[in-house]
Amino acid sequence: MPATTENNHNQGSFLGRISIRRNQVMSMSMDGSHDTECEEMELFQRHVAERFAELLSCTDEPEAFMSIGWLRKLLDEFLCCEAEFKAVLLMGRDPFQIAKPPLDKLLPELLDRIIKSLDVCNAVSLGIDSLRNIQRLAEIVLSALDQTLIGDGQVRRAKKALSALLSAMLHEDKDGGITKGTERSRSFGRRGNKDKDRSAAAPFRSLSWTMPKNWSAAKQIHAMSSNLAAPRGNESSGLALPVFIMNTVLVFVLWTLVAALPCQERNGLGTHFQMPRNLSWAQPITALQERISEEWKKKEKKGTVGLLEEMQKMEKIAQWLLDFADSFQFPAEADKLEEVKAQVEELADICRKMEEGLEPLQLQIREVFHRVVRTRTEFLHVLDQAAKLNIPAS
């Protein structure tokens with residue numbers, strides 16, 4: 001999903017204001033430069049708080065929270081935060097400021113988290129492919145039961161697809177988010193092959209590396225968050241703060257994607273991520289994290305599909321329709337057929353949302369992948385510049 005008009009405007013205004021201020025302070029005193037830097041960081045913190053407060057407001061709408069549309073907005077906000085973070089830290093700044101303490105330690109940690117985040121992006125993209133397979137099974141159910149007259153043949157066909165659908169949901173963690181029939185290809189940058197034998201499936205591109213069998217999404221998130229500590233003392237008002245904010249946002253967004261979408265090995269995911277509670281910009285993120293953790297613990301006990309709203313609804317409908325199929329006798333009662341019709345209509349609406357939303361969501365994940373790779377390259381370039389400038393002349 002492209003950035004909203006408001007987000008584009010806010011981001012553009014923010015970057016423009018930083019550019020103007022940096023130009024203005026070139027001939028000013030160090031005090032003036034410091035005041036401007038504090039103002040920029042305050043503005044960045046406020047924008048982060050506002051973006052996640054807006055996401056938090058969606059929790060009052062049960063059908064919107066953790067839906068495909070909500071996740072697309074989450075990624076939209078992440079990309080805006082990432083652009084503003086680079087503006088605060090890099091725009092018009094002397095490379096020596098980036099290379100000196102405490103950033104000489106904090107930036108390598110951020111760059112390491114970015115490397116780990118790429119595996120999570122790949123795994124989540126594969127999970128979206130598995131959702132497409134589940135969607136195809138749901139569409140078979142629709143074609144069988146969306147009939148004026150439902151007979152034994154249609155019910156048997158629907159029952160077979162429903163059993164496969166519920167099985168795919170049940171085992172998606174064990175199978176690494178890849179169900180039978182889901183395609184895999186080699187990387188974000190290469191094209192996948194269409195499955196020519198599955199003409200019912202819409203063409204799509206698998207964007208991720210195949211994940212190793214022993215890879216764990218929960219352990220990867222834990223590794224990313226294990227040494228995430230808020231800056232203290234003088235560092236809490238310096239450049240260490242936006243680095244910590246970006247680290248936190250990165251880990252939270254990926255943790256949320258793993259909780260929502262099929263992803264390999266998620267056991268214990270809810271216990272692996274602690275958010276700071278005493279920072280104003282982090283309060284809406286903390287509230288979201290607590291809400292998602294509560295939902296995750298409920299679902300983890302059941303061992304079923306993740307927290308994506310569309311999948312939660314589909315699971316309930318599929319179970320109801322399977323119960324109907326198990327007890328079906330022709331001809332079915334009129335009241336029962338009306339119930340079936342209502343369930344089929346709701347399932348059709350879910351499939352429509354998946355058809356419209358999954359591909360844009362996967363494209364956004366690809367954009368996050370490439371954006372953080374580019375960010376890492378830019379920081380490495382600046383650190384390399386600082387190292388070269390620090391070499392004494394022979």
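Predicted model: local features only at pLDDT ≥ 70, side-chain atom pairs only at ≥ 80, totals over all residues.
## Annotated transmembrane span

The UniProt annotation "transmembrane region", from an unreviewed entry, covers residues 239–261.

## Overall fold

The secondary structure of the protein chain consists of 11 helices and 0 strands. Read from the N terminus, the order of elements is α-α-α-α-α-α-α-α-α-α-α. The chain has 394 residues, of which 52% count as buried.

Ala-318 belongs to helix α10. Between Ala-318 and Val-344 the C-alpha to C-alpha distance is 9.5 Å, with a separation of 26 residues in sequence.

## Salt bridges between helices

Side chains of opposite charge can pair when their charged atoms come close. The count for this model comes to 17 salt bridges.

One of these joins the side chains of Glu-77 and Arg-51, at 3.2 Å from N to O. This pair links distant parts of the chain, with Glu-77 in helix α3 (residues 68–90) and Arg-51 in helix α2 (residues 30–57), 26 residues apart. Both Glu-77 and Arg-51 are buried. A further salt bridge connects the side chains of Glu-82 and Arg-371, with an N to O distance of 2.9 Å. Here too the pair links distant parts of the chain: Glu-82 lies in helix α3 and Arg-371 in helix α11, 289 residues apart. Glu-82 and Arg-371 are both buried.

Asp-349 forms a salt bridge with Arg-352, and their closest N and O atoms are 2.6 Å apart. Both residues lie in helix α11, 3 residues apart, which is about one turn of the helix. Asp-349 counts as partly exposed because its relative accessible area is 28%, between the limits of 20% and 50%. Arg-352, at 39% relative accessibility, is likewise partly exposed. Elsewhere, salt bridges that share partners join Arg-51, Glu-54, Lys-73, Glu-77 and Glu-84 into one network.

## Negative surface patch

Asp-146, Glu-333, Asp-335, Glu-338, Glu-339 and Glu-345 form a negative surface patch. Within this patch, Glu-333 is located in the loop between α10 (309–326) and α11 (334–389). Glu-333 is classed as exposed because its relative accessible area, 60%, is over the 50% cut-off.

Conventions. Residues numbered from 1 in each chain as written. Heavy atoms only, no water. Patch = residues over 30% accessible without salt bridge, like charges linked within 9 Å, V, L, I, M, F, W, Y side chains within 5 Å. Areas by Shrake-Rupley, 256 points an atom, 1.4 Å probe, with all protein chains shown as cover. Salt bridge = Lys/Arg side-chain N within 4 Å of Asp/Glu carboxyl O. Lys, Arg positive; Asp, Glu negative; His and termini not counted. Charge placed at Lys NZ, Arg CZ, Asp CG, Glu CD. Helix = DSSP H or I, 4+ residues; strand = E, 2+ residues; numbered from the N terminus. Buried < 20%, exposed > 50% of the residue type's maximum accessible area, 1.4 Å probe, protein only. UniProt positions renumbered as here; feature names shortened; annotations may be inferred.
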